[in-house]
Amino acid sequence: MYPNFDPKLLSFFLENALQFDYYEHKPIFTVEEGASIKHSIPGKHTKNLFLTDKKWWFYLVSIEAHKRFPVNAFRKYLVLKDLSFWSPEQLYEQLKLTPGSVSLFWLINNQPATLHVFIDHDLRTAPLVGRHPNRKDATICVSHETLVQFLYCTRHEIKSISFNHENIN
């Protein structure tokens, strides 16, 4: 049925009766590279960023793929002195992910205590959004309602935030 779907994630979706559409495609390493593939997949598409501060609080940000992420404005919004992206080595050592495969769907592997999840407001209002299922060669499309169910099942709360150029609301 879904030969390359991560078995743990697929089980989670099926056990929790989460509605989704699954698409396989060639591996996508950058937003620009994925633009041609994403035209054949419905909905808005994302890039997902994993950041940390000096106190080891973690931030997972899901933003529309075409938007620029204003890291300095986000740091100021959080009232943090330092905020940085994880290196490819840290992503793999700690999360078993590679750059480009970070996704909200990774949350099935995390306890919410030290992780803050932010989602672009424009994604919350979209009828359908495509995200990588923790791999670069597939996309899972879900409604916002399904994403809320997913986050409830993983015991994570999301904070909606507007990313408009260099400003954050």
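The side chains of Lys 67 and Asp 122 form a salt bridge with an N to O distance of 2.5 Å, a salt bridge being a side-chain nitrogen of Lys or Arg within 4 Å of a carboxyl oxygen of Asp or Glu. Lys 67 lies in the loop between strand 3 and helix 3 and Asp 122 in helix 5 (residues 121-124), so the pair ties together parts 55 residues apart in sequence. Helices (H or I, at least four residues) and strands (E, at least two) are DSSP runs, numbered from the N terminus. The model is predicted; local features need pLDDT of at least 70 and side-chain atom pairs pLDDT 80 or more, whereas totals for chains, interfaces and linings use all residues. Residues are numbered from 1 along each chain as its sequence is written, and side-chain values use heavy atoms, with hydrogens and water left out.

Lys 67 is buried, at a relative accessible area of 12%, while Asp 122 is partly exposed at 25%; buried denotes under 20% relative accessible area, exposed over 50% and partly exposed the range in between (1.4 Å probe, protein chains only). Salt bridges with shared partners join Lys 44, Glu 64, Lys 67, Asp 120 and Asp 122 into one network.

A salt bridge also links Asp 120 to Lys 67 (3.0 Å, N to O). Asp 120 belongs to strand 5 (residues 115-120) and Lys 67 to the loop between strand 3 (58-64) and helix 3 (71-77), so this contact connects parts 53 residues apart in sequence. Asp 120 is buried, as is Lys 67. The structure contains five salt bridges.
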